[in-house]
Amino acid sequence: MSDVITIFDTTLRDGEQSPGCSMDTAEKLEVAKALVDLGVDVIEAGFPIASPGDFEAVQKIAQKFGDQSTICGLARCRKEDVDSAWGALQDAKNVRIHVFLATSAIHRDFKLKMAKEEIVRQAVEMVKYSCDQMSSRSDIITPNVEFSPEDAARTELDFLCEVVEKTIAAGATTVNIPDTVGYATPNHFFKVISYLKENVTNIDQAVISTHCHNDLGLAVANSLAGIEAGARQVECTINGLGERAGNAALEELAMAIRTRGDYYGVTTNINTQKLCSTSRLVSKITGMAVQRNKAIVGQNAFAHEAGIHQHGMLQERTTYEIMRPQDVGYVGTNLVLGKHSGRHAFRDRVESLGYELSDESFQKAFDAFIALADKKKEIFDVDIVALVDNQTSSQIEEHWKIVNFHTLSGTGTIPTATLELEHKEGNIVQDAATGDGPVDAAFKCMERVAGISAKLTDYNVRSVSSGKDALGEVSLSIDIDGVIFHGKGVSTDVIEASVHAYLQALNKALSQNRGRRRSEKKGV
């Protein structure tokens, strides 16, 4: 039995299914690169048959990263699904087809309306069909096919054994045991995996995998129990993203395995120093904020407030820290730079924080740093991270950019925003609007200029560091024609940060042809 756990990341598939967390192809490619850099073994890039966009994303990720990681596409136990998955994957080097079919009584009776015999037959047929599709390529000797009996944790054990044994015999090289609705407890899940190992005669011919949901807050605990019982692949997501309460969090699993290697006796290929930066990237792209007290990557993960804790830390770090902040790439508030720091000092600090920037991206970040240094006396690591993240967002076509803006508000006055925006074709448009406050007025003004009507669905402001001159970070989501777009902006002025965040979201919408017709009516 291997002592290296295969990390199967499904942020781009199961994680993206979390409400409001959808990503376009460019954003998925950015996340996929981060996952490759993180050392993820298998990346489930999407559900190709779900939409043309999903197919394109899986195909491009497979073509670009298939020589660095195994790229996986999900498929129901249907020929058309398998054909779509293989169509997206077939031109890449290292690929996997992942087929699934529900097996629990409640799913059989109410969702599928299928008898046990039908489920076994269809599962076996589709595993064989997937193997045949992959075998059509001369360089694939052993097809990489994974089978998941959906809702396995609530499936009768004897029937689960039958399905697993027959799909392995049909060619499945990985059998994934999902706790689809987060129903299991650690002891329960340990017994399920143990039962399969003891009663499936050909279980040694496949890797046992876990896929645990977090409905009872036990996804990571259940996954670790599965590892104890003999599972050697874990399916997880960055920040625990996923439907309902989410999935097992990759960062928590990786650090639990590393920190308690004495107990579990296994390792992973994860470069843990990339955990925090990957977490921030996924949070930025999806608009899903990470709670302050989130294990491993939360803002408070390595903060010590209580006096007794601080005293212990001063005497010996390990009294209250079981992990070193640098081992997960945690960025604190160390003072590093000021307005007189030069380009070389800034580049050195950016690189020490784990960023590799192109010359163009570096120049943008440096310009933003110089602008910030004129406003802010002390600049911290977290400020630099916020600046770099903001300047290195996915390449969004700037249909509109801000030239000038002015807001007016106060007791007894009507909140007003005046904006001057420049269109990508060179047109300069000036407009003004009133609203419930300066931010609302600015948003209405931008919508009118861009010719788009949007609904603000989420709006968050947080301080990046400490002090009255701290950078304010605004993250928001807007709904246009039922599609969610995210925006983020940073500035010492939270109104300015709000304006940049909203315009970023509007530009994303325009790039996807949302609202273009209304813009054309305005002659833009």
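At 7% relative accessibility, Arg96 counts as buried (buried means under 20% relative accessible area, exposed over 50%, partly exposed in between, with a 1.4 Å probe and protein chains only). The model is predicted: local features need pLDDT of at least 70, side-chain atom pairs count only at pLDDT 80 or more, and totals for chains, interfaces and linings use all residues. Residues are numbered from 1 along each chain as its sequence is written, and side-chain values use heavy atoms, with hydrogens and water left out.

The side chain of Arg96 meets that of Glu146 in a salt bridge, at 2.7 Å from N to O. A salt bridge is a side-chain nitrogen of Lys or Arg within 4 Å of a carboxyl oxygen of Asp or Glu. Arg96 lies in strand β4 and Glu146 in strand β5, so the pair ties together parts that are 50 residues apart in sequence. Helices (H or I, at least four residues) and strands (E, at least two) are DSSP runs, numbered from the N terminus. Glu146 counts as buried, with 0% relative accessibility.

Strand β5 spans residues 145-150 and is mostly covered, with 6 of its 6 residues buried. In a regular strand the side chains alternate between the two faces of the sheet. Val145, Phe147 and Pro149 point one way from β5. Glu146, Ser148 and Glu150 point the other way. Both sets are buried.

Strand β5 has partners in β4 and β6. Two strands pair if DSSP finds at least two bridges between them. Strand β4 (residues 95-102) pairs with β5 in the parallel sense over 6 bridges. Here Ala102 stands opposite Glu150. Strand β6 (residues 174-179) runs parallel to β5 and is joined to it by 2 bridges. Thr174 of β6 stands opposite Glu146. Together, β5, helix α6 (residues 157-170) and β6 make a right-handed β-α-β unit. A crossover is right-handed if, with the strands pointing away from the viewer, the path from the first strand over the helix to the second runs clockwise.

Glu150 is buried, with a relative accessible area of 16%. A salt bridge connects Glu150 to Lys111, with the closest N and O atoms 2.9 Å apart. This pair links distant parts of the chain: Lys111 sits in helix α4 (residues 105-112) and Glu150 in β5, 39 residues apart. Lys111 is partly exposed, with a relative accessible area of 44%.

The whole structure contains 32 salt bridges. One of them joins Lys375 to Glu496, the closest N and O atoms being 3.7 Å apart. Lys375 in helix α14 and Glu496 in helix α17 are 121 residues apart, so distant parts of the chain are linked. Lys375 is partly exposed, at a relative accessible area of 47%. Rings of Phe, Tyr and Trp (its six-membered ring) pair if their centres lie within 6.5 Å; planes under 30 degrees apart count as stacked, over 60 as edge-to-face and the rest as tilted. Phe47 and Phe100 form an edge-to-face pair, at 6.5 Å centre to centre and 65° between the planes. Phe47 lies in the loop between β2 (42-46) and α2 (52-65), and Phe100 in strand β4, so the pair ties together parts that are 53 residues apart in sequence. Phe47 counts as buried at 16% relative accessibility. Phe100 counts as buried at 19%.

The ring centres of Phe346 and Phe362 are 5.7 Å apart and their planes stand at 45°, so this pair is tilted. The pair links distant parts of the chain: Phe346 is in helix α13 (residues 343-352) and Phe362 in helix α14 (residues 359-375), 16 residues apart. Phe346 is buried, with a relative accessible area of 0%. Phe362 is buried too, at 3%. Phe346, Phe362, Phe366 and Phe369 form one aromatic cluster.

On the surface, Leu456, Tyr459, Val461 and Val494 form a nonpolar patch with about 290 Å² of accessible area together. Patches are made of residues with over 30% relative accessible area and no salt bridge; like charges are joined within 9 Å, and nonpolar side chains (Val, Leu, Ile, Met, Phe, Trp, Tyr) within 5 Å. Accessible areas come from the Shrake-Rupley method with a 1.4 Å probe, and for residues only the protein chains shown count as cover. Strand β14 (residues 455-463) gives the largest share of the patch, 3 residues. Val494 is found in helix α17 (residues 494-511). Val494 counts as partly exposed, at 37% relative accessibility.
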